Amino acid sequence: MTRPRSFHAALLLSFVPLLALATALAWWAATSVLSEALEDDLEARMAQAAEVLASGAVPLTPALLARTGELLGAELALLDDAGRLGPSTLDPGQAPLGQAIERAWRESGAGPATLELGAARYRLLVRASSTGGDPRYPAVAALVSLDKLGAATRRSALWLGVAALLGTLVLAWVAHRVAASVTRPVRQLAHMAERIAAGDRTARSSIDSPRELEQLAAALNAMAARLQGYEDEVAERNRLAALGELAARVAHEIRNPLTAIKLQLQLLDERADEPGRATSRALLDEIRRLELIIGTTLAMGRGQRPQANAADFNRLIDEVLDLFGPQLAHQGIAVHRDLGELPAVAVDGDRLKQVLINLLTNAAEQLPRGGSIAVTSRVDSNGGIRLAVEDSGPGIDPAARDALFDKPRPASGAGLGVGLALSREIVESHGGRIEAGASAALGGARFTITLPLTIMPAA
């Protein structure tokens with residue numbers, strides 16, 4: 001298969017032959033015009049010299065004829081009444097040329113004529129003398145060799161050809177540079193496209209001229225950046241899906257033995273005395289919390305939509321804090337509740353409990369030596385419910401706040417680091433939003449959840 005020519009070669013192969021043809025035509029026209037101009041100029045000078053000599057204003061001596069012929073580059077001769085050659089600048093060896101002049105004078109008179117003697121050609125011009133001239137010589141003949149004129153024309157044509165060739169080479173070089181200035185960035189863009197097609201989404205181009213190619217390069221750079229963003233997003237979604245599926249499988253495997261443990265504890269609770277019941281009930285509370293986590297994890301793995309039911313939002317908060325209270329107190333963490341009066345709302349209580357558990361777990365991990373956690377709830381001024389969880393820990397780097405919920409990241413303590421990403425998904429599935437910031441009251445981190453206020457009808 002024949003490989004297609006490059007744009008550079010195609011441009012040069014199209015331009016250079018046309019340039020060479022145009023140069024050749026220009027050289028031919030210039031040479032023709034120059035030849036005609038030289039002939040016309042020589043004939044005009046011959047006619048002028050012959051008229052001056054024929055006017056009788058100067059004595060027609062052999063010395064004058066020789067000097068004038070030298071200046072004109074021509075042979076001069078005087079003709080008598082019989083048409084015979086008189087004084088002239090011809091050498092004795094040029095007798096045939098003199099005879100040709102006499103014959104031309106007798107045949108054509110004073111008109112210009114062309115003489116051919118063998119391979120040599122001459123131009124003859126004859127002028128009749130005026131009444132003031134020498135009466136012995138009524139005519140003056142001027143003869144010039146056309147071979148000399150042709151040699152001069154050929155020399156001029158040669159120089160014109162050399163100049164045309166140099167001009168052609170210069171223009172071809174300019175065409176090469178112009179083509180290169182276009183094809184070089186095109187090759188760069190083609191190489192960039194090949195890299196992108198091969199999977200290298202970091203390929204970029206820095207073309208700054210011409211403007212059209214600069215715009216194309218900018219468009220390709222933007223396309224590569226978008227492709228990289230799309231691929232990163234798809235890869236992250238696939239990773240999250242795989243992680244969610246893994247978490248769901250693990251949760252499913254844990255739920256069965258956990259159910260058996262719960263049944264055994266319930267049996268022990270029925271048989272135990274009062275001190276033993278306190279212990280078994282505390283363990284049952286922890287198992288219920290684990291069941292809540294497992295149930296939410298399974299729901300997330302199946303991608304279920306929230307099951308909205310009438311719920312007392314503050315009661316959901318109390319249930320989670322009551323479960324976490326003993327554990328937080330054991331860690332030396334004081335929990336402060338400030339729950340405002342809220343209407344009944346339509347939410348998926350179990351999934352929102354998981355969000356609060358994730359936030360409390362993150363806050364507790366930031367307080368390994370104890371501290372404070374504050375949980376507040378209010379009716380938002382924009383017509384929604386606002387829940388805030390604050391801690392007295394080190395806080396969040398402002399530069400990392402925007403990407404905090406974007407994707408899972410390793411947690412500082414135990415776990416897979418998926419809590420915040422899952423929390424955002426749960427909150428957004430309810431039509432709300434979750435934001436991270438700094439706590440003005442405790443000096444640490446502050447997570448705020450805002451949910452739309454959907455008032456349930458009274459039973």
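I take helices (H or I, at least four residues) and strands (E, at least two) as DSSP runs, numbered from the N terminus. With that settled, I placed T450 in strand β12.

**Entry 1: ground rules.** This is a predicted model, so I noted that local features need pLDDT of at least 70, that side-chain atom pairs count only at pLDDT 80 or more, and that totals for chains, interfaces and linings use all residues. Residues are numbered from 1 along each chain as its sequence is written, and side-chain values use heavy atoms, with hydrogens and water left out.

**Entry 2: confidence.** I checked pLDDT, the predictor's confidence in each residue, from 0 to 100. The chain has a mean pLDDT of 75, and 78% of its residues reach 70 or more. Over residues 410-417 the pLDDT is below 50, yet beyond near neighbours in sequence this stretch has ten contacts in the model; a contact means heavy atoms within 4.5 Å.

**Entry 3: back to T450.** Is T450 buried or exposed? I use buried for under 20% relative accessible area, exposed for over 50%, and partly exposed for in between (1.4 Å probe, protein chains only). T450 counts as buried because its relative accessibility is 12%. Leaving out residues up to four places away in sequence, I found T450 touching I385, R386, V427, G432 and R433.

Entry 4: I call two strands paired if DSSP finds at least two bridges between them. Five strands make an open sheet in the order β7-β9-β10-β12-β11, with mixed pairing. Strands β7 (333-339) and β11 (433-438) are at the edges with a single partner strand each, so one side of each has no neighbour in the sheet. On average, neighbouring strands here are turned by 15° against each other, direction ignored. For angles, axes are lines fitted to C-alpha atoms, for helices over the stretch in contact, and values run from 0 to 180 degrees between N-to-C directions. β7 and β9 (residues 371-380) run parallel and are joined by seven bridges; D338 has T376 in β9 as its bridge partner.

**Entry 5: helices around it.** Helix α8 (residues 349-365) lies across β7, β9, β10 (384-391), β11 and β12 (445-452), and runs at about 25° to β10. In helix α9 (residues 419-429) I listed buried residues, among them L420, I426 and V427. After α9 comes G431, with a positive phi near 80°.

**Entry 6: a loop residue.** A441 sits in the loop between β11 and β12. A441 counts as exposed because its relative accessibility is 65%. Its C-alpha atom is 8.9 Å from that of D391, 50 residues apart along the chain.

**Entry 7: the antiparallel sheet.** Another open sheet has five strands in the order β2-β1-β5-β4-β3, with antiparallel pairing. β2 (85-88) and β3 (113-117) are at its edges, each with a single partner strand, so one side of each is left without a neighbour in the sheet. Neighbouring strands of this sheet are turned by 30° against each other on average, direction ignored. Seven bridges link β4 (residues 120-128) to β5 (residues 139-145) in the antiparallel sense, and L124 has L143 in β5 as its bridge partner. Helix α2 (residues 62-72) lies across β1 (75-79) and β2, at about 140° to β1.
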